[in-house]
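Please look over the sequence and the model shown below before reading the report that follows.

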Amino acid sequence: MASRRQLATMGLLDIQRFFAEPPVQYLGLELSVCWILECLLRKDDYPTAMTNQLAVSHPHLRISETMLQQAIEFLDRQGAVTSYSRRCPSRGRPRRMMHLVEAVHPEARSLVASWKSWLKDNRLNSLSGAGPVAGSSLTTEDRRLADELKVERRRLRPAATSA
């Protein structure tokens, strides 16, 4: 929520800028669990790599270290994951690799489908100009809106630097 001082200095251009370049969104527990499940359905991985992959795959989304740990602890309590150490040739210390228990795969796939549906419904990635969300099919109207936002973003950039 904006403070009174921010409201006093904020203009309509600032609100347009918000929609042209939405702020990074941090995942809550439910979405974090789904992201981890999607990663682990592909391959065993370690937490830092999953965090980095999120930033690459979905530039508008982030996961905090605290939320990452809570999501991993949740999955561990559910008996959905196990972990093991693996030494990387390029690094000295072993990494804590996460493994998704085979019996959980069907439920994990269902949750990942919900995660992908959430991504598609929220379309922040595609409409912010960062490119389409992986696995989503944009309608003609979505593409038109995304193109309009890109044009608006270019138009607003000079105003942002002079303000």
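Leaving aside its neighbours within four places in sequence, which residues is threonine 51 in contact with? Threonine 51 is in contact with Ile63, Glu65 and Leu68, where contact means heavy atoms within 4.5 Å. This is a predicted model, in which local features need pLDDT of at least 70 and side-chain atom pairs count only at pLDDT 80 or more, while totals for chains, interfaces and linings use all residues. Residues are numbered from 1 along each chain as its sequence is written, and side-chain values use heavy atoms, with hydrogens and water left out.

**The chain as a whole**

The protein chain has 8 helices and 4 strands, and from the N terminus on its elements run α-α-β-α-α-β-α-β-β-α-α-α. Helices (H or I, at least four residues) and strands (E, at least two) are DSSP runs, numbered from the N terminus. Of the 163 residues of the protein chain, 32% count as buried; buried means under 20% relative accessible area, exposed means over 50%, and partly exposed lies in between (1.4 Å probe, protein chains only). Among the contacts in the protein chain with a separation of 6 or more, 60% come from residues 24 or more positions apart.

**Helix 4 and its buried residues**

Threonine 51 has its place in helix 4 (residues 47-57), and with a relative accessible area of 17% threonine 51 is buried. The buried residues of helix 4 are Pro47, Ala49, Met50, Thr51 and Leu54, and they pack against helix 3, strand 2 (61-62), helix 5 (65-77), strand 4 (94-100) and helix 6.

**Helix 3 against helix 6**

Two packed helices are described by the angle between their axes and the distance between the axes. Helix 3 (residues 29-42) and helix 6 (residues 105-122) pack at an angle of about 120°, and their axes are 9 Å apart. Axes are lines fitted to C-alpha atoms, for helices over the stretch in contact, and angles run from 0 to 180 degrees between N-to-C directions. Helix 3 and helix 6 are therefore oblique to each other, given that angles under 35 degrees count as roughly parallel, over 145 as roughly antiparallel, 65 to 115 as roughly perpendicular and the rest as oblique. On the side of helix 3, the residues that meet helix 6 are Leu31, Cys34, Trp35, Leu37, Glu38 and Leu41, and their partners in helix 6 include Ala108, Val112, Trp115 and Lys116.

**Salt bridges**

Side chains of opposite charge can pair when their charged atoms come close. The structure holds 3 salt bridges, a salt bridge being a side-chain nitrogen of Lys or Arg within 4 Å of a carboxyl oxygen of Asp or Glu.

| Glutamate 38 | Lysine 116 | 3.9 Å |

Aspartate 14 and arginine 17 are 3 residues apart in helix 2 (residues 12-20), so about one helical turn separates them, and aspartate 14 is partly exposed, with a relative accessible area of 29%. Glutamate 38 is buried at a relative accessible area of 14%, whereas lysine 116 is partly exposed at 41%. Aspartate 45 counts as buried, at 9% relative accessibility.
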